[in-house]
Amino acid sequence: MAVFRPADARQVGEIIAWAAGEEQPLELLGGGSKRGIGRPMQVEHVLDLSALSGIGDYEPAELVLTAAAATPLAEIEAALAASRQVLSFEPTDWRALLGSEASAQTIGGVLSCNLAGPRRIRSGAARDHFLGFQGVNGRGEIYKSGGRVVKNVTGYDLCKLIAGAYGTLCVLTEISIKVLPKAETSRSLLVLGLDDAAAVRALAEALNSPHEVSGAAHLPAAVARRSAVAAVAGAGAAVTALRIEGPEPSTAYRVENLVNLLSGAGPTDILDEAGSEMLWREVRDAGFFVEPRERAVWRLSVTPSSGPAVAADLAARAEAESYFDWGGGLVWVAISDSPDAGAAAVRMAVATHGGGHALLLRAPESLRAAVDVFEPLAGPLAALSARVKESFDPRRVLNPGRMYAGI
Amino acid sequence: MLTMPPADPMVLSRREEIIAALRQIVPGEGVITTEAERRAYESDGLTAYRQLPMIVVLPSTTEQVSQILRYCQTNNVKVVPRGAGTSLSGGALPLEDGVLLGLGKFNRILEIDLPNRCAVVQPGVTNLGITNAVQHVGFYYAPDPSSQIACSIGGNIAENSGGVHCLKYGLTTNNVLGIEMVLMNGEIVRLGGKAMDAPGYDLLGVMTGSEGLLGVVTEVTVRLLRKTPTARAILLGFPSSEQGGKCVADIIASGIIPGGMEMMDRPAIHAAEAFVHAGYPLDVEALLIVELDGCAPEVDHLIAVVERIAGENGAVTSRVSRNEAERELFWAGRKAAFPAVGRISPDYYCMDGTIPRRALPTVLARMRELSESYGLGVANVFHAGDGNLHPLIMYDANKPGELERTEAFGADILRLCVEVGGVLTGEHGVGVEKRDLMDTMFNEIDLAQQQRLKCAFDPGGLLNPGKVFPQLHRCAELGRVHVHRGQMRFPDLPRF
Ligand SMILES: Cc1cc2nc3c(=O)[nH]c(=O)nc-3n(C[C@H](O)[C@H](O)[C@H](O)COP(=O)(O)OP(=O)(O)OC[C@H]3O[C@@H](n4cnc5c(N)ncnc54)[C@H](O)[C@@H]3O)c2cc1C
């Protein structure tokens with residue numbers, strides 16, 4: 001067992017070339033905050049990338065930031081905040097959920113897991129902001145892809161492939177991302193007392209309106225009660241939330257119009273900027289499901305209008321509690337007392353309602369070894385994915401098995 | 001001079017047999033063989049290159065596409081997919097020994113799903129056709145290439161096309177949720193769908209912009225957006241491109257992402273004004289059209305901010321559109337810029353590089369020098385928000401040697417884009433046009449990695465060969481792993 005801590009891309013290349021030659025698989029580690037996601041790996045050595053850190057080029061008016069891959073997310077967000085910019089895909093922070101509070105999130109980890117928060121519905125995911133990289137493939141070769149400008153179609157868009165590959169294709173050493181202005185103001189409109197189906201219909205009505213909603217979540221009463229936002233916890237009912245962002249005159253106008261649009265659905269309330277920020281952070285980070293720790297936590301990406309049916313189906317099959325983001329398209333589920341973490345029920349519910357992607361985000365290692373953590377892939381797609389892995393990492397030394405056996 | 005992969009005499013000699021086999025798969029007029037009819041497919045939007053395809057086949061079902069590809073793979077026949085044939089990089093240029101696979105019959109809109117804000121369409125549907133199908137309910141499909149009336153959504157995916165609104169609303173890749181595609185071996189694969197996250201590797205992301213080299217798209221699920229209630233444009237003229245460029249940077253730095261932000265230089269302004277009489281000022285070096293969209297209070301607020309920033313940057317013209325007709329008039333000149341240049345020059349060649357915006361003055365100055373030394377005029381239109389530059393080189397194809405000089409000039413411009421930190425193509429693709437310039441941006445290792453990915457999809461290299469990559473390597477050669485067993489190659493490395 002060895003821990004390698006390379007200082008630059010060249011050293012990463014040397015280590016991987018050795019690992020490929022000796023067929024010694026490596027676990028890639030940025031800050032370690034998401035180490036608990038995925039299948040447990042049978043890996044002897046750790047490739048600790050934390051030394052590859054630091055912001056390189058950042059000119060706010062170009063909307064591009066370049067940084068070493070293990071630069072802490074906090075450092076990047078602070079630099080952006082100083083120029084009133086953000087990563088508009090709203091990277092999640094699941095450290096409390098996963099019990100990894102002591103570790104730092106790195107930008108490379110955020111991109112490799114393609115994480116995105118509530119603004120996904122407007123701004124896309126990490127993949128949509130990933131412009132270019134330098135990295136090392138499973139042969140130990142340093143290569144690059146993409147560019148440092150916001151618009152580029154030169155060659156295959158490998159950024160998309162690396163985003164969400166959980167480190168199984170490439171060790172990122174340097175990345176360029178698109179950054180955007182932070183909205184001047186933000187507020188949330190709450191509609192109280194809706195059941196899941198009515199809530200998702202109301203969310204769709206708002207999302208289909210011209211009022212540019214940038215967050216659309218629904219918390220059933222039992223979930224809302226656990227919120228740290230007083231107006232949400234004290235509502236005594238289910239809370240359906242819509243976020244509106246923009247310059248002040250615009251925000252005020254759109255909030256008013258949305259209130260008019262939805263007031264027929266139920267009583268409404270409005271959260272100011274501070275309350276709004278707190279609520280969307282909880283929604284993003286699954287703050288409601290941190291406790292109790294024994295529960296397995298799933299993240300289901302489904303057809304938005306099917307969200308309530310998926311949740312109802314699960315509630316009938318297992319000891320399950322759900323809440324909704326992305327206008328119903330993201331169902332967070334916590335499951336207790338199930339020998340398979342609810343896997344059979346979850347897979348069945350997703351398949352029955354139009355398909356999608358269920359990720360077992362939190363479960364004990366033994367369970368993550370026993371059941372599929374990621375949605376299993378169908379025949380030709382599984383074979384194609386294995387060939388893609390082969391094309392980057394022929395000796396399977398980069399995070400092997402983290403997503404799927406053999407990949 | 002462009003060299004394409006050499007024609008395979010074995011395949012050419014078996015042409016009749018291949019035609020017969022394709023007719024078994026696609027009955028009737030779906031297999032086109034006569035020279036006169038094949039002529040219609042000999043080039044795409046990059047008309048400088050022409051090649052008659054060996055055979056044209058126009059399937060109408062996914063199953064037919066699958067059978068055609070499987071047959072061609074088994075019989076070692078090359079295939080070139082084609083949508084509407086508007087590519088400006090020669091992506092759909094046929095091969096002498098290849099089957100041209102036209103997707104024109106895949107022209108149906110299959111489903112409009114407003115509760116989930118998406119539409120499922122066949123790849124031959126035009127870009128504008130999608131918007132036309134949903135605009136009566138206030139929705140649209142966001143990426144809007146200037147060719148949107150003609151180009152197909154399948155071609156848009158292959159090229160990852162953009163448009164004037166893509167700084168705010170994204171390129172094709174940000175607006176496609178799922179596809180069905182067929183691999184060269186005939187396997188049918190579905191990627192993504194109506195859910196936002198798909199399991200496994202993001203193969204949809206890598207298919208988008210893959211220029212027809214990885215698979216044939218047979219169905220597409222796109223995201224639909226609700227139209228904003230208001231849009232207004234502001235027309236700004238500057239005495240220098242530096243001031244115009246600084247204005248763009250200041251607008252963005254102030255936190256505004258306009259719905260559209262386009263710049264034109266003096267030759268482009270003059271050509272456009274002479275053509276459409278949009279009322280552009282003729283005494284400025286740079287013209288900027290900034291469009292703000294959203295709810296009325298937002299647009300009013302932002303227009304005022306942009307006017308102030310423009311004033312601070314020395315704008316000598318500043319006019320806000322007062323109504324929809326005037327907004328459209330402001331755009332009319334920009335939208336007609338290509339044909340306007342076409343009117344003052346017998347031919348023009350449209351380039352497509354992206355640069356960091358800060359390099360704009362340098363690039364324009366260097367381009368003027370190149371223009372003088374090549375003796376060819378150039379007009380520039382610029383997607384200013386995202387740094388995507390379209391220089392239009394004016395030439396006369398009937399003058400001997402002028403096309404060659406134009407291509408050399410164009411290549412110099414693209415090298416310049418890369419030199420200042422930009423890229424070879426922002427939205428038109430590499431195709432055959434920029435293929436031989438790929439090594440200005442990528443080294444051999446970079447290109448080998450991309451080609452290995454190609455091998456995962458198409459190990460025989462039969463799908464659209466000769467595009468994108470300057471050199472073709474066999475997959476077996478690319479896949480070889482050179483290992484140095486037993487060597488500790490990094491003795492100095494810290495370990496813990
Ligand atoms: C006047 C004019 C203006 C233009 N303006 C813009 C612009 O503003 N922005 C922009 O981005 N582009 C622009 N273009 C370029 C062009 O329209 C786009 O690249 C467009 O997406 C091509 O679509 P198509 O259907 O014509 O594809 P084609 O030209 O037929 O093919 C393009 C590529 O796609 C592949 N392909 C086509 N269909 C499929 C399929 N179903 N499956 C797999 N591969 C496929 C082909 O093999 C080829 O490599 C313009 C072109 C013209 C002529």
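Student: How many residues of chain A are in contact with chain B?
Tutor: This is a predicted model. In it, 84 residues of chain A are in contact with 83 residues of chain B.

Student: Which helix gives the most on the chain A side?
Tutor: Helix α15 of chain A, residues 379-392. It gives 8 residues to the side that touches chain B.

Student: And how do the residues of that side divide into nonpolar, polar and charged?
Tutor: On the side of chain A that touches chain B, 38 are nonpolar, 24 polar and 22 charged.

Student: Now the ligand. Which residues come nearest?
Tutor: Gly83(B), Gly91(B), Gly154(B), Gly155(B) and Gly212(B), out of 36 residues around the ligand.

Student: Which elements give two or more residues to that shell?
Tutor: In chain B, they are β3 (78-82), α6 (153-159) and β10 (216-223). The largest share is from α6(B), with 5 residues.

Student: What's the split by class for the shell around the ligand?
Tutor: There are 18 polar, 13 nonpolar and 5 charged residues in the shell.

Student: Where does the ligand lie relative to the domains of chain B?
Tutor: Between domain 1 (9-102) and domain 2 (109-226) of chain B, because both give residues to the shell around the ligand.

Student: Let's zoom in on α9(B). How does its axis cross that of α14(B)?
Tutor: The axes of α9(B) and helix α14 of chain B, residues 360-374, come within 9 Å. They cross at roughly 150°. Angles over 145 degrees count as roughly antiparallel, so α9(B) is roughly antiparallel to α14(B).

Student: Right-handed or left-handed crossing?
Tutor: Right-handed, as α9(B) passes α14(B).

Student: Which residues meet there?
Tutor: From α9(B), Ser241(B), Glu242(B) and Gly245(B). They meet Leu360(B), Pro361(B) and Leu364(B) in α14(B). The contact of α9(B) with α14(B) has 3 nonpolar, 2 polar and 1 charged residues.

Student: Back to chain A. What are its domains?
Tutor: Chain A is divided into domain 1 (48-181), domain 2 (185-284) and domain 3 (287-370).

Student: How many Å separate the centres of domain 2 and domain 3 of chain A?
Tutor: 23 Å, taken over C-alpha atoms. The contact takes 16 residues from domain 2 of chain A and 14 residues from domain 3 of chain A.

Student: Which elements give two or more residues on the domain 2 side?
Tutor: In chain A, α7 (196-207), β12 (213-219), α8 (221-224) and α11 (273-285). The largest share of that side, 6 residues, comes from α7(A).

Student: And its classes?
Tutor: The side of domain 2 of chain A that touches domain 3 of chain A has 12 nonpolar, 1 polar and 3 charged residues.

Conventions:
Residues are numbered from 1 along each chain as its sequence is written. Chains are lettered from A and ligands numbered from 1 in the order in which they are written. This is a predicted model: local features need pLDDT of at least 70, side-chain atom pairs count only at pLDDT 80 or more; totals for chains, interfaces and linings use all residues. Two residues are in contact if their C-beta atoms, placed from the backbone, lie within 7 Å. Helices (H or I, at least four residues) and strands (E, at least two) are DSSP runs, numbered from the N terminus. Ala, Val, Leu, Ile, Met, Phe, Trp, Tyr, Cys and Pro count as nonpolar, Asp, Glu, Lys and Arg as charged, and the others, Gly among them, as polar. Axes are lines fitted to C-alpha atoms, for helices over the stretch in contact, and angles run from 0 to 180 degrees between N-to-C directions. Angles under 35 degrees count as roughly parallel, over 145 as roughly antiparallel, 65 to 115 as roughly perpendicular and the rest as oblique. A crossing is left-handed if the near helix is turned anticlockwise from the far one by less than a right angle, and right-handed if clockwise. A residue is near a molecule or strand if its C-beta atom, placed from the backbone, lies within 6 Å of it. Domain bounds come from an automatic or database domain assignment.
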